[in-house]
Amino acid sequence: MKTRLPVKIAVIITAAGSSTRMGASIKKEHLPLKKGTVLSECARAFLTSIAPFCILITVPKNGEKDAFNALFSDSEMKDLIFAAQSKVHFVEGGKTRQESILNALLFLEKSNENPEIVLIHDGARPFVSEKIIEDTVNAAYKCGASAPGIPPVDTQKIVCNDGFIAEHLQRNKMVAVQTPQAFTFEPLLQAHKKAAQEKTEYTDDTEIWGKYIGKVKIVSGSTANKKITHPEDYNMQNNFVFRTGLGYDIHPLIEGRKLLIGGVEFPFEKGEAGHSDGDALLHAITDALLGASGKEDIGSFFPPEDDKWKDADSAVLLKTAWQKIKSDGWTLNNLDCVIKLEKPKFLPKREEVILSIATILEVEQDKISVKAKTGERLDSVGRGEAIEAWCSAILIK
């Protein structure tokens, strides 16, 4: 951990966008990366270099929980924040990136902890280096504003609406600007307020600074400091390990026990017999996750001969195993589950079961699929004597 710089620094990480160009069901900032996610890698870069006194993350409306989970999917994040003596705040964004940044700046103003320098960084730019961060801060401290830039590879032209070249630009005088962009706080805040009053949209914060304040110093950026915009940007930067696991369980159904499926109680005259509460679905999920991560099975983790686990809550067992798996750097891609049960009907509580599992694992509901089959009056399930559950899991590291 670097020693905190002698200047009070805040970092704004923009993550309030919709990620539509990624075409994914999950925001690009929440995609798995290294020890956590794209978002956690962004935060880690600043915490381990300049130790800002606070990090503000802009999020979509009602997006704080998902952003929180994405940030703290890195099991080391709490320790990193503590070591840097930093605070993390989630700020609701606006309709545009510019509005989101203004909301974050106003949050800082209202907190009465005005920083000397504020850095603004794309939440989808996780490969930023310590050198770029420190060079940008130092230049802003000396010049008031700075940003990293790289020379364009291709010759740049200005084109008219008719498709013909209107102007030939001098490539040696051009840079492609990256983030983080660093500014003295108070002038940037006032510039953003003026832009909002005038209802003028700008491409980035250097343009706002240039319009209302003055010049921006360019420091050397890097082609490695890439922003994830399209799926290929993400896939080219990663060499992921995918592991699959299969879980299975069966329990007799007897009177005098609760029928629990996926942590949800089903009204019925019979329930699962077992050393724990007998939740066959959660047991199958636990075994699938343990198998995918290369660990021992549920019986080895929670031995049935140990009275400590007598009538234990299977949700607690699953959560305990999952925490150990996550600590090894694994994240969940998806679960596909099948329940085999003659009675009662499963469909009316299907969504409740999916929500229950997602809550236990702290993942999005669309990562969980649960289907139900009957025994067609055959075998022990068909006779109403048992319940069976299968689960396949895919983990990513």
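Does Glu-76 count as buried, partly exposed or exposed, and what is its relative accessibility? At 31% relative accessibility, Glu-76 counts as partly exposed, where buried means under 20% relative accessible area, exposed over 50% and partly exposed in between, for a 1.4 Å probe and protein chains only. The model is predicted, and local features were therefore taken at pLDDT of at least 70 and side-chain atom pairs at pLDDT 80 or more, whereas totals for chains, interfaces and linings use all residues. Residues are numbered from 1 along each chain as its sequence is written, and side-chain values use heavy atoms, with hydrogens and water left out.The chain has 13 helices and 19 strands, both being DSSP runs numbered from the N terminus (H or I over at least four residues for helices, E over at least two for strands). Its C-alpha atoms fill a box of roughly 80 × 55 × 40 Å along the principal axes, and buried residues make up 48% of the 397 residues. Of the contacts (heavy atoms within 4.5 Å) with a separation of 6 or more, 75% are between residues 24 or more positions apart.

The structure holds 20 salt bridges, each defined by a side-chain nitrogen of Lys or Arg within 4 Å of a carboxyl oxygen of Asp or Glu. In one of them, the side chains of Arg-44 and Glu-76 meet at 2.7 Å, N to O. This pair links distant parts of the chain, with Arg-44 in helix 1 (residues 38-47) and Glu-76 in the loop between helix 2 (64-71) and helix 3 (77-84), 32 residues apart. Arg-44 counts as buried, at 15% relative accessibility. A further salt bridge, at 3.0 Å, joins the side chains of Asp-379 and Lys-340; since Asp-379 lies in helix 13 (residues 379-382) and Lys-340 in strand 17, the pair ties together parts that are 39 residues apart in sequence. Asp-379 is partly exposed, with a relative accessible area of 32%, whereas Lys-340 is buried, at 17%.

In the largest nonpolar core, a set of 44 residues, Leu-289 and Leu-335 touch the most other members; such a core consists of buried Ala, Val, Leu, Ile, Met, Phe, Trp, Tyr and Cys residues joined through side-chain atoms within 4.5 Å. Several elements each supply at least two residues of this core, including helix 11 (314-326), strand 17 (331-340) and strand 19 (386-396), and helix 9 gives the most, with nine residues. Residues up to four places away in sequence aside, Leu-289 touches residues including Trp-322, Ile-325, Leu-335 and Leu-395. Apart from this core lies another, of 32 residues, among them Ala-43, Val-59, Val-128 and Ile-133.

Ser-293 is placed in the loop between helix 9 (280-292) and helix 10 (298-301), and counts as buried at 11% relative accessibility. Beyond its neighbours within four places in sequence, Ser-293 is in contact with Arg-243, Ile-325, Trp-330 and Leu-395.

Gln-181, found in strand 11 (residues 181-184), likewise counts as buried, at 3% relative accessibility. Although Gln-181 and Ala-147 are 34 residues apart in sequence, their C-alpha atoms are 4.4 Å apart in space.
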